[in-house]
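Take a look at the model below.

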Amino acid sequence: MVFLSKFFSIMSKEADVFFRHVVRRQRDADLRITRDAENVERAAAAKIERRKLRERFDAMGTGTTKNDRIIRLRAELLRDGVPVSRDTLEWSLKRAKEEAREVLSEKIRVLAAEGRPLRAIALELEIGVDAVVRIARDFNVDVEEDLLRIHLEDTLKRLTAEGLSLLQVGNRLNLPSGIVKRAAVSAGILKPTAPGKNAVYTPGDLEAPRREVLALAIAQLAAEGLSFTEIARKLRVCWQTVVRHAEVMGIKNPAIVRADQNAEKIAALARRGASSKEIGLAIGVAPATVAKHPAYKGNVVWYRKCRTVGYSGRASWAEQALDGQGRE
């Protein structure tokens, strides 16, 4: 019994020590997480402040020397109640420039992965081609012309397989049609005509699935309530293409469906003398759709009807008014 009592006493002490150790470790871990989060927030705030300092420094112009601009910036900060030493200011400006270059390098890396040419990357980032090359070299971003062309071909294959036309790909990548077509030919997406003929491009095999994908996109956007005109504008295709695919799939124009659902409201507003534009704004439908709807045509007041239903111009406005009143 004595042995068992000593054993349980020792075990209880060990369990108590173990429990205290676990609680202390958990408290230290929570404290470390809190401190790390605070450090991240302070680092982000400091980065923003450095960027603002760099913008103020660059806005002072290039007509003066760097030393004069630093002196002026220190004086402005002192007037703002933010005294800073020259060494700290110079370090902040240098660090802000490095951080800006890091951000540019990541953007260059993304654009290079898409296969954008150097000039297109420079135009996208609004910097010079030489600056793009220097930043890419400093941050180990490969912008060799051959590699960019291979990346562009891969991007074209991926986007055309998703159902985009070459025009849509060019608009998405912000590239001229000539560059896109040449890359499409080298990628096998387009095949040029035989030698001796005009430079006309014929779609290749990879553009065949585009019609099915386009039909699915039209069905999805129509289900979201977009009109055929909005769908055509969003997909960058002509309105007739949307109508043709919709007829095949049995999809009715959501704008007409919306007008049918509000037929009673259209009729009531038309009888009050509201124009097709006013009714369209009230129910969220284009004025042309309202003007063609039977609920509007059958209830439009006489003076609206004179304007919208084929007025020949031979009779005066007063004569039309009297004639309209007689019919009413």
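The text goes through the cores, then the pockets.

This is a predicted model, in which local features need pLDDT of at least 70, side-chain atom pairs count only at pLDDT 80 or more, and totals for chains, interfaces and linings use all residues. Residues are numbered from 1 along each chain as its sequence is written, and side-chain values use heavy atoms, without hydrogens and water.

A nonpolar core is a set of buried Ala, Val, Leu, Ile, Met, Phe, Trp, Tyr and Cys residues joined through side-chain atoms within 4.5 Å. Buried means under 20% relative accessible area (1.4 Å probe, protein chains only). The largest nonpolar core has 15 residues. Leu152, Leu156, Val169, Leu175 and Ala184 have the most contacts inside it. Two or more residues each come from α6 (145–161), α7 (166–173) and α8 (177–187). Helices here are DSSP runs (H or I, at least four residues), numbered from the N terminus. α8 gives the most, four residues. A second, separate core has 14 residues, including Ala255 and Val290.

Now the pockets. A pocket is an open set of points on a 1 Å grid over the protein atoms alone, where a 1.4 Å probe fits, with protein on both sides within 12 Å along at least five of seven lines; lining residues have an atom within 4 Å of a point. The largest pocket is lined by 17 residues. Asn253, Ala255, Ile256, Ala288 and Thr289 lie nearest its centre. α10 (228–235), α12 (254–261) and α15 (287–292) each supply at least two lining residues.

The second largest pocket is lined by 16 residues, with Ala96, Lys97, Ala100, Arg101 and Leu104 nearest its centre. α3 supplies the largest share of this lining, seven residues.

Key
Buried means under 20% relative accessible area, exposed over 50%, partly exposed in between (1.4 Å probe, protein chains only).
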